[in-house]
Amino acid sequence: MKESDLMAKKRIYEVAKELNIDNKTVVDKAKELGFDVKSHMSSLDDAQADKLVEAFKSNKNAGKATKKKSKIKISVGAIRRPSHNEKKKDFSKNKKRSNNHRNDQEQNRNKKNNERRRQNNDNKNSRPAARDLLKQLQHKQRAESSELDAQTERSRRQWHEQQNSSKGTKKVEQVKKAEKKSIPSVGAEAVKARVEASQKPTGPKIIKPSPARNKPKVKKVEPVIPAQPTPENAKPSRKKDFGKPGRKKREVPEYERERSEHSDKARRRRNKKNKRNNQTQEVKKQPTQRKERPLPETLVFEEGMNAQDLGKLLHREPAEIVKKLFMLGVMTNQNQSLDKDTIELLAAEYGIDAQEKVHEDISDIDTLYTKEVEASKKSKHQIKRPPVVTIMGHVDHGKTTLLDRLRHTNVSEHEAGGITQKIGAYQVRLDDRLITFLDTPGHAAFSNMRARGAEITDIVVLVVAADDGVMPQTIEAIDHAKSAKVPIIVAVNKIDKPGANPDHVMEQLMKYGLVPEDWGGDTIFVKISAKTGKNVDDLLQMILLQSDVMELKADPDQKAIGTVIEARLDKGRGAVADVLVQQGTLKVGDPIVVGDTFGRVRVMTNDKGRRVKKATPSTPVEITGLNDVPSSADKLVVFDDEKTARSVGEQRAKNALEKQRENVQHVTLDNLFDTMKKENMKEVDIVLKADVQGSVEALQQSLEKINVEGVRVNIIHAGVGAINESDVTLAGASNAFIIGFNVRPTATAKSQAESEGVDIRLYNIIYKAMDDVEAAMKGMLEPTYEEKVTGNLTVRETWKVSKVGTIAGAFVDSGYITRDSGVRVIRDGIVKYDGKVASLKRFKDDVKEVKQGFDCGLTIENFNDIKIDDQLEAYEMQEVKPQ
Ligand SMILES: Nc1nc2c(ncn2[C@@H]2O[C@H](COP(=O)(O)OP(=O)(O)OP(=O)(O)O)[C@@H](O)[C@H]2O)c(=O)[nH]1
């Protein structure tokens with residue numbers, strides 16, 4: 001009974017194998033029928049097995065239909081994409097044609113199965129003998145089946161051998177051959193189409209044929225094994241289910257085929273999706289194709305643009321630009337900056353004009369200033385303006401006296417040290433006409449302003465003392481005025497003096513091209529006395545005449561521009577600047593940028609100390625309201641609004657600071673020595689601080705003129721205001737000392753200077769400062785040596801000793817002689833030899849020094865011709881401090 005139970009039990013997979021249906025389908029069916037099964041390993045009793053087989057039998061046709069469908073999918077997907085109807089038609093044809101061995105085999109199996117089923121049904125009621133018979137029959141069937149498999153295997157091997165032997169032949173031929181063999185009824189054209197299809201898959205572009213993909217394509221023909229031609233094998237499939245050549249071919253079970261069907265479906269879905277994506281990508285790409293857009297008429301470029309920037313401007317791909325440049329011989333990439341020439345070349349290549357973009361830097365107030373100057377020249381609202389005059393001349397020829405006379409004040413007597421220090425400007429009125437005098441006599445200040453680009457002087461009045469005549473600084477002043485192309489009016493001064501000879505001065509000046517009008521020249525000469533005021537008005541008349549000739553004009557309606565004459569820091573008012581308005585009208589409240597400072601004109605005061613609300617051209621005014629102290633010769637420009645003025649001022653201050661830092665970096669302890677050595681020059685570094693800008697400049701110029709045997713002054717920093725910590729730090733780092741003129745150090749700066757050992761010198765008279773510096777510089781000079789005779793000796797005895805030479809026994813008559821002394825041998829008043837003491841002894845001992853009244857023995861280097869009664873003069877070189 002037990003045995004019969006075992007015999008009767010059947011596993012699902014066995015049933016599936018018999019039916020040649022995949023396990024899952026059978027399991028599902030069994031579940032459908034209400035059998036208690038879990039997997040293909042679950043067992044069924046005979047009745048259940050029969051029921052199951054019967055169920056499949058009734059569904060056979062439906063199963064076939066499904067099979068057909070799946071087969072269509074495989075074959076169609078692999079080869080081409082015909083319409084659905086076409087697919088069906090094709091398949092049915094193939095189906096009819098494929099009377100192959102495999103189907104036979106299936107049919108046989110089915111027959112046998114049916115038979116078995118029948119037997120099994122009978123078996124329910126049959127006797128054990130009959131069951132044995134059935135068993136034998138099954139055995140026989142299995143043996144037949146294995147025989148059939150062996151045959152299949154043999155034919156596969158045969159095929160592989162064929163395959164290997166024809167390895168050299170083309171793959172296409174293989175495919176054709178296989179196709180022919182497998183589907184003899186299909187036309188040559190169809191085969192060709194399939195081959196082409198297998199070579200060129202019609203899938204989406206993004207699936208590029210790769211060697212890996214091509215491989216199975218060739219293998220697609222492999223399944224067309226003569227021994228088992230099936231409709232599936234007849235068409236090349238993408239499935240990789242054929243194994244490697246030579247490997248045993250496994251029969252593809254139904255469930256695997258189904259799985260491959262699924263994977264095929266999935267692949268097609270993927271392909272479709274990819275195709276869709278590709279299409280959308282193509283759609284998306286379209287707007288980036290700028291080739292269609294026309295080129296601009298002119299390429300407005302900036303130097304330093306790269307291919308990407310130019311691509312945007314030219315409506316071209318950067319790659320195209322790079323290619324174009326490459327063709328022009330310029331190797332570049334998309335990000336590399338291109339120079340002006342290259343961009344122009346590129347524009348020419350495209351056949352368009354190139355124009356460089358002009359940048360307007362509003363922080364460049366010099367340009368704005370020049371623009372306003374140019375605008376005023378073209379303006380129709382120009383009116384006459386007062387001339388701006390600078391007085392020049394040799395020292396003590398009466399410049400300050402004249403300026404004082406002109407403004408009816410007497411400054412010179414209060415000046416500390418007697419040298420002009422205060423700087424400013426004032427206006428003198430004559431016959432309702434104004435003349436502006438710059439209160440900075442001397443050509444140094446004049447040229448200093450010029451050097452900074454401030455050419456504010458219209459006329460130079462050259463003061464020459466009639467009693468002194470042309471002096472060096474007179475000539476210098478002429479040269480400076482001439483180089484600035486400023487006309488000169490000569491004021492021959494001190495004509496009140498008894499020894500005055502104005503004509504001599506006029507004669508002298510002719511040498512320098514200043515010929516009086518009376519003598520046929522074009523230079524105005526006025527004989528004056530600054531002291532008495534004689535002819536001073538004539539001088540003013542002449543100045544006005546000269547200005548008329550020059551047609552000095554300005555437009556008071558335009559935006560004001562000006563130049564700083566003087567600037568200082570006032571305790572109560574902050575930054576104060578004396579400004580000469582040159583064009584336009586400066587008003588209280590105007591937003592301004594002055595040099596590197598900015599602000600709004602808060603209070604405006606004229607040269608008489610009166611508050612004014614506006615200042616017209618050539619008017620000097622003192623203004624407050626700046627954020628910092630500007631420098632003299634700085635330009636003043638008015639802006640539309642305070643915000644712009646602020647940003648410009650801040651930008652300029654930042655730039656100036658950066659520049660200053662760069663300069664400071666150059667003066668370091670590390671490189672100072674190298675620099676000096678390289679230039680073979682010694683320098684005294686000085687940090688200079690003064691109360692007003694004018695004093696700074698005057699002192700700076702005076703100090704820089706000092707030259708003591710090649711050693712010169714180097715002002716590393718000059719500024720207005722108290723000596724602060726920054727000054728001390730700079731001086732300390734640069735091994736410099738500080739000069740303060742009319743200023744004092746702050747408390748912290750003082751203590752810092754003490755701790756760092758920085759020397760601060762304070763003065764209120766310029767020449768005192770100069771003297772001190774000069775003295776200090778002399779102290780720095782290389783010491784000079786002077787010969788000093790220290791003693792006189794008389795030779796009393798001589799000894800000649802071999803290897804030593806002549807030894808002199810001498811008596812010190814006066815002074816002393818040392819072992820290091822120089823010694824002169826004098827015989828009959830004539831110096832016989834000048835050399836050095838080689839050895840000095842008393843008795844047998846070496847001594848350092850022998851004084852007056854003692855005998856000594858000595859030898860002289862390289863000299864043996866010493867004779868009795870020779871006079872010896874001992875001397876040494878002593879350092880002499882420079883005077
Ligand atoms: N007799 C006479 N003396 C004059 C005249 N002008 C100037 N002086 C005197 O000459 C001296 C020098 O005059 P300053 O005006 O200081 O000369 P300066 O050219 O300004 O000299 P520095 O400021 O040192 O360059 C003073 O003592 C004046 O009084 C003049 O017309 N007649």
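This is a predicted model: local features need pLDDT of at least 70, side-chain atom pairs count only at pLDDT 80 or more; totals for chains, interfaces and linings use all residues.
Colleague: Why is Arg407 called partly exposed?
Modeller: Arg407 has 15 other C-beta atoms within 10 Å. Exposed needs 12 or fewer and buried needs 20 or more, so 15 falls in between. Arg407 belongs to helix α18, residues 399–407.

Colleague: Which residues does Arg407 contact, leaving aside neighbours within four places in sequence?
Modeller: Arg407 is in contact with Tyr426 and Val428.

Colleague: Which helix or strand gives the largest share of the shell around the ligand?
Modeller: Helix α18 does, with three residues. The shell has 19 residues, and those that come nearest are Gly398, Lys399, Thr400, Thr401 and Lys531.

Colleague: How does that shell divide into nonpolar, polar and charged?
Modeller: Four are nonpolar, nine are polar and six are charged.

Colleague: Why is Phe843 called exposed?
Modeller: Phe843 has 8 other C-beta atoms within 10 Å. The limit for exposed is 12 or fewer, so Phe843 qualifies. Phe843 sits in the loop between β30 (830–842) and β31 (845–846). Its C-alpha atom is 8.7 Å from that of Asp855, twelve residues away in sequence.

Colleague: In general, where do nonpolar side chains tend to go?
Modeller: In soluble globular proteins, they tend to be buried together. Here, the largest nonpolar core holds 108 residues. Strand β9 (residues 459–465) gives the most to this core, with seven residues. Another core, of 17 residues, lies apart from it and includes Leu793, Leu840, Cys856 and Leu872.

Colleague: Which residues have the most contacts inside the largest core?
Modeller: Leu462, Val490, Ala491 and Ile592. Beyond four places in sequence, Leu462 touches Met392, Gly393, Thr474, Ala477, Ile478, Ile488, Val490 and Ala491.

Colleague: What is the bridge partner of Ala491 in β11?
Modeller: Val526. Strands β10 (residues 488–493) and β11 pair in the parallel sense over four bridges.

Colleague: What makes both faces of β11 count as covered?
Modeller: In β11 (residues 524–527), Ile524 and Val526 on one side are buried, and Phe525 and Lys527 on the other are buried as well. In a regular strand, side chains alternate between the two faces of the sheet.

Colleague: Which residues of β21 lie on each side?
Modeller: In β21 (residues 635–638), Lys635 and Val637 are on one side, with Leu636 and Val638 on the other, and all are buried.

Colleague: How many bridges join β13 to β21?
Modeller: Three join β13 (residues 561–570) to β21, running antiparallel. Thr563 has Lys635 as its bridge partner in β21. Strand β16 (residues 591–594) also pairs with β21 in the antiparallel sense, over three bridges. There, Val593 stands opposite Val637.

Colleague: Which residues of helix α3 are buried?
Modeller: In α3 (residues 23–32), they are Val26, Val27, Lys29 and Ala30.

Colleague: How do you know that they are on the same side of α3?
Modeller: They cover an arc of only 165° around the axis, so they fall on the same side of α3. Asp28 and Glu32, on the other side, are exposed. The cover over the buried residues of α3 includes α2 (12–19), β2 (43–44) and α4 (46–58). Just after α3, Gly34 takes a positive phi of about 90°.

Colleague: Why is Glu551 called exposed?
Modeller: Glu551 has 8 other C-beta atoms within 10 Å, so it is under the limit of 12 or fewer. Glu551 lies in the loop between α22 (536–550) and β12 (553–554).

Colleague: Why does Asn862 count as exposed?
Modeller: Asn862 has 10 C-beta neighbours inside 10 Å, and therefore meets the limit of 12 or fewer. Asn862 is in the loop between β33 (855–860) and β34 (871–880).

Methods:
Residues are numbered from 1 along each chain as its sequence is written. A nonpolar core is a set of buried Ala, Val, Leu, Ile, Met, Phe, Trp, Tyr and Cys residues joined through C-beta atoms within 7 Å. Helices (H or I, at least four residues) and strands (E, at least two) are DSSP runs, numbered from the N terminus. Two residues are in contact if their C-beta atoms, placed from the backbone, lie within 7 Å. A residue is near a molecule or strand if its C-beta atom, placed from the backbone, lies within 6 Å of it. Ala, Val, Leu, Ile, Met, Phe, Trp, Tyr, Cys and Pro count as nonpolar, Asp, Glu, Lys and Arg as charged, and the others, Gly among them, as polar. Two strands pair if DSSP finds at least two bridges between them. The arc is that of the directions from the helix axis to the C-beta atoms.
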